[in-house]
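Here is a short briefing on one protein model. Look at the sequence and the structure first, then work through the points below.

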Amino acid sequence: MEKGQKIIILASIAIIGITAIAIAALSPGAFEEQCKQKAKEILNNLYSIEGGKEEFLKSNSQGLLSNEGRESLQNLENVLSQCPVLKSIPEEELGFDVSALNMG
């Protein structure tokens, strides 16, 4: 094999290795961010369904959510179960307090 081909092959292997390491390092953060966005989207939908944040919290604490609200809350529970790290993120960073949702 020519010296030039060996250099190209070694450089390609190095680039592939560095790319794989970068992807592995960034993936968990990207997944967490995706979880946050999905949870916020579902929660905003819940607030809309139930007439605002205060009405949602009141209805939820009394167990009086609408069917659509219960379904959305179940979807939020599913996201939180798939992304347990969200439960440990401070309310200021997450945008809502998971413990105030009174879920399962």
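This is a predicted model: local features need pLDDT of at least 70, side-chain atom pairs count only at pLDDT 80 or more; totals for chains, interfaces and linings use all residues.

- I9 sits in helix α1.
- Together, I9, L10 and I13 make a nonpolar surface patch of about 300 Å².

**The nonpolar core**

- The largest nonpolar core has 18 residues.
- Within this core, L43, F56, L76, L86 and F96 touch the most other members.
- Two elements, α1 (3-50) and α3 (67-82), each give two or more residues to this core.
- Helix α1 supplies the largest share of this core, with six residues.

**An aromatic pair**

- How many aromatic pairs does a search of the whole structure find? It finds one.
- The pair is Y47 and F56, with ring centres 5.7 Å apart.
- Their planes meet at 55 degrees, so the pair is tilted. Planes must be over 60 degrees apart to count as edge-to-face.
- Y47 and F56 are both buried.

**Helix α2 and what follows**

- Helix α2 covers residues 53-62, and its buried residues are F56, S59 and N60.
- Why do these buried residues line one face of the helix? Seen down the axis of α2, they fall within an arc of 100 degrees, so they line one face.
- An α-helix has 3.6 residues a turn, so residues three or four places apart point the same way.

Technical notes: Residues are numbered from 1 along each chain as its sequence is written. Side-chain values use heavy atoms; hydrogens and water are left out. A nonpolar core is a set of buried Ala, Val, Leu, Ile, Met, Phe, Trp, Tyr and Cys residues joined through side-chain atoms within 4.5 Å. Buried means under 20% relative accessible area, exposed over 50%, partly exposed in between (1.4 Å probe, protein chains only). Helices (H or I, at least four residues) and strands (E, at least two) are DSSP runs, numbered from the N terminus. Rings of Phe, Tyr and Trp (its six-membered ring) pair if their centres lie within 6.5 Å; planes under 30 degrees apart count as stacked, over 60 as edge-to-face and the rest as tilted. Patches are made of residues with over 30% relative accessible area and no salt bridge: like charges are joined within 9 Å, nonpolar side chains (Val, Leu, Ile, Met, Phe, Trp, Tyr) within 5 Å. Accessible areas come from the Shrake-Rupley method with a 1.4 Å probe; for residues, only the protein chains shown count as cover. A salt bridge is a side-chain nitrogen of Lys or Arg within 4 Å of a carboxyl oxygen of Asp or Glu. The arc is that of the directions from the helix axis to the C-beta atoms.
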